[in-house]
Amino acid sequence: MTEVGRRAPFQILAVVAVLVAFATLWEGYKAMGDATGGTWPGTDRELPVATDDLTLPHVHEILGTMVDPVQRGGDETLAVFLVKSAWFTFKEAAWGFAIGSVFGLGLAIVMLRSSFLDRGLLPWINISQTIPLIALAPIVVTWGRTTFLSDVQAVSLIAAYLTFFPVAVNGLAGLKSPPDESLELMDSYAAPWSATLWKLRFPAARPYLFPAFKLAATLSVVGAIVGEISSGVRGGLGRVILDFAGRYSTGPERLYAAVIASALLGLFVFGLTVIAERIALRGQLLEDVG
Amino acid sequence: MTGDAAVRVRSVEKTFNLGKVGEVAAIRSVDLDVAPGEFVSLIGPSGCGKSTLLRLIADLIEPSSGTIEVFGKPAAQARLDQDYGMAFQRSGLFDWRKIAANIELPLELMGWTKEKRRQRSAEMLRLVKLDEFADHYPQQLSGGMQQRVAIARALSFKPQLLLMDEPFGALDEMTREHMQSELISIKTELDTTVVFVTHSIAEAAFMSDRVVVLSPRPGEIHEIIDVDLGTRVPDTREDPEFFKKATEIRESLRSVKAAE
Ligand SMILES: Nc1ncnc2c1ncn2[C@@H]1O[C@H](COP(=O)(O)OP(=O)(O)OP(=O)(O)O)[C@@H](O)[C@H]1O
Ligand SMILES: [Mg+2]
């Protein structure tokens with residue numbers, strides 16, 4: 001078995017253990033607060049976060065609300081509703097990821113080709129990421145409405161905006177990573193620039209690209225959710241979070257459930273990139289001589 | 001133009017960063033002819049321009065002045081025509097490619113069919129005695145084996161000229177001697193011309209028909225030593241004539257350093 005194969009069950013175990021530990025801490029903290037009346041034991045210093053059921057609902061309540069119907073008297077449970085919403089957001093994020101990655105790689109290639117553009121573009125690429133998404137999202141949505149873009153497409157574009165950055169930056173580093181010797185070797189074959197790109201630079205860039213893809217995948221979910229919230233697009237987790245936040249006082253556990261759903265979606269897309277990485281790098285992960 | 005030399009170097013100079021900060025005169029007024037089928041070694045103090053001279057012949061860099069012809073054509077044309085194969089000190093294998101695919105890389109770039117490539121890489125693997133490793137990845141091979149793969153790659157399209165820059169530099173002494181014998185037998189079999197950069201006096205003496213001793217930077221040809229040891233066999237290394245040549249090369253190297 002490969003090292004990866006051996007590691008996988010262990011990793012799942014570790015993740016579950018951390019989850020259990022976290023739930024235990026959560027409940028332990030609540031219990032402590034309830035016992036002392038909201039202060040650190042033996043002192044009168046107040047706890048940083050209140051432990052009442054509105055601020056911190058019980059773990060079992062959060063889990064319990066998952067199987068409650070979303071609408072009073074309806075058939076659909078909250079869990080099913082959240083999965084549907086997550087799927088909707090996932091599609092937006094996936095488009096954003098794809099567009100952002102292609103754009104990011106394109107930028108990396110352009111910057112590789114021209115040191116002038118490399119120097120000219122890099123500061124702007126950096127600055128682009130300092131613009132708060134909250135400010136940018138409504139602008140993109142508004143622009144989208146004046147053109148052919150639907151709101152959902154505008155949301156994907158917002159996700160792409162976060163995605164392209166790590167791909168461009170790491171991609172460029174990866175494309176530049178082959179040693180001079182390898183580049184000279186390709187030169188000695190009189191290989192055209194494109195052949196050097198495909199047969200040397202891209203394969204060599206994979207170890208740089210996959211960490212970027214992992215980050216970009218998670219960012220694309222963040223971008224999609226924030227985009228939904230700013231545009232009011234219905235159907236995805238962003239809207240759900242907005243709604244549940246509005247009704248927090250009557251059902252705090254629902255917002256927590258929606259946040260957990262977003263986190264799981266993030267984990268899911270992260271997992272997809274990990275699988276993609278293992279497929280793409282499978283040769284290099286071999287260790288034992290066959 | 002004359003067709004009778006494999007490599008013809010005429011009054012070649014190379015200055016890096018000419019007219020800029022960090023200007024380095026690497027080699028100066030080099031004239032050198034290498035005959036077809038000849039094995040010529042370049043030896044000299046570190047930094048004297050051996051690699052530079054080799055890269056000039058390969059047209060990986062251009063001379064500041066002078067001309068270089070390979071098989072009677074300008075070096076640039078020879079590179080486009082794939083007239084030479086090249087091997088470096090580090091094997092430079094692509095670690096995402098299996099051994100056979102590494103050997104096939106130049107063939108792929110030349111547009112050979114898959115079937116022809118397979119056939120040739122199998123043949124080359126037999127030549128360097130690594131038949132069983134076609135489907136391994138480079139990391140699964142020892143340094144010496146990787147170097148053999150690099151040589152197989154350089155020879156895969158059977159170029160008439162092989163340019164090698166300290167190809168055995170990173171190997172232990174035993175592996176090195178073994179590889180030297182292997183290279184000689186491969187070279188003889190394919191009738192290849194070889195220009196070979198080395199730091200090892202014994203290696204130069206054992207392998208070469210002629211040894212070119214370069215002076216310190218900017219490198220100039222200090223002396224060319226003819227070596228005639230007949231057919232090389234492992235016992236050649238114990239031949240008194242071999243020791244005589246090694247001493248001659250050593251003394252030549254000493255005298256360039258002393259003249260510095
Ligand atoms: N691309 C370059 N730009 C600037 N200077 C260079 C470049 N390549 C080589 N040089 C310089 O040219 C000189 C000769 O270098 P070269 O690599 O040819 O030496 P060498 O004889 O191969 O040395 P070694 O035996 O250590 O490999 C050195 O002083 C080196 O610093
Ligand atoms: Mg060198």
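The side chain of B:S46 has an N or O atom 2.6 Å from an oxygen atom of ligand 1. That contact opens this report on a predicted model.

**Around ligand 1**

| Residue | Part of the residue with the N or O atom | Distance to an oxygen atom of ligand 1 |
|---|---|---|
| B:S46 | side chain | 2.6 Å |
| B:C48 | backbone | 3.2 Å |
| B:R217 | side chain | 3.1 Å |

How much of ligand 1 does the protein bury? Taken alone, ligand 1 exposes 630 Å², and the protein buries 67% of that. Two elements of chain B give two or more residues each to the shell: strand 2 (24-34) and helix 1 (50-57). Helix 1 of chain B gives the most, with three residues.

In total, 14 residues surround ligand 1. The closest are B:S46, B:G47, B:K50, B:S51 and B:T52. By type, the shell divides into four nonpolar, seven polar and three charged residues.

**Aromatic pairs**

Next come the rings. A search of the whole structure, over all chains, finds 14 aromatic pairs. One of them joins B:F39 and B:F196. Their ring centres are 5.3 Å apart, with 45° between the planes.

Which parts of the chain does the pair link? B:F39 belongs to strand 3 (residues 39-43) of chain B, and B:F196 to strand 8 (residues 193-197) of chain B. The two residues are 157 residues apart, so the pair links distant parts of the chain.

Chain A has a ring cluster. Ring pairs link A:F22, A:W26 and A:Y256 there.

**Charges over rings**

Chain B also places charged residues over aromatic rings. The charged end of B:K116 sits over the ring of B:W112, 4.6 Å from the ring centre. B:R237 lies over the face of B:F206. Here the distance to the ring centre is 3.8 Å.

Terms used. Residues numbered from 1 in each chain as written. Chains lettered and ligands numbered in written order. Predicted model: local features only at pLDDT ≥ 70, side-chain atom pairs only at ≥ 80, totals over all residues. Heavy atoms only, no water. Phe/Tyr/Trp six-rings, centres within 6.5 Å; stacked < 30°, edge-to-face > 60°. Helix = DSSP H or I, 4+ residues; strand = E, 2+ residues; numbered from the N terminus. Lys NZ or Arg CZ within 6 Å of the ring centre and 35° of its normal. Near = heavy atom within 4 Å. Polar contact = N/O pair within 3.5 Å; in protein donor to acceptor, adjacent residues only side chain to side chain. Areas by Shrake-Rupley, 256 points an atom, 1.4 Å probe, with all protein chains shown as cover. Nonpolar A, V, L, I, M, F, W, Y, C, P; charged D, E, K, R; others polar.
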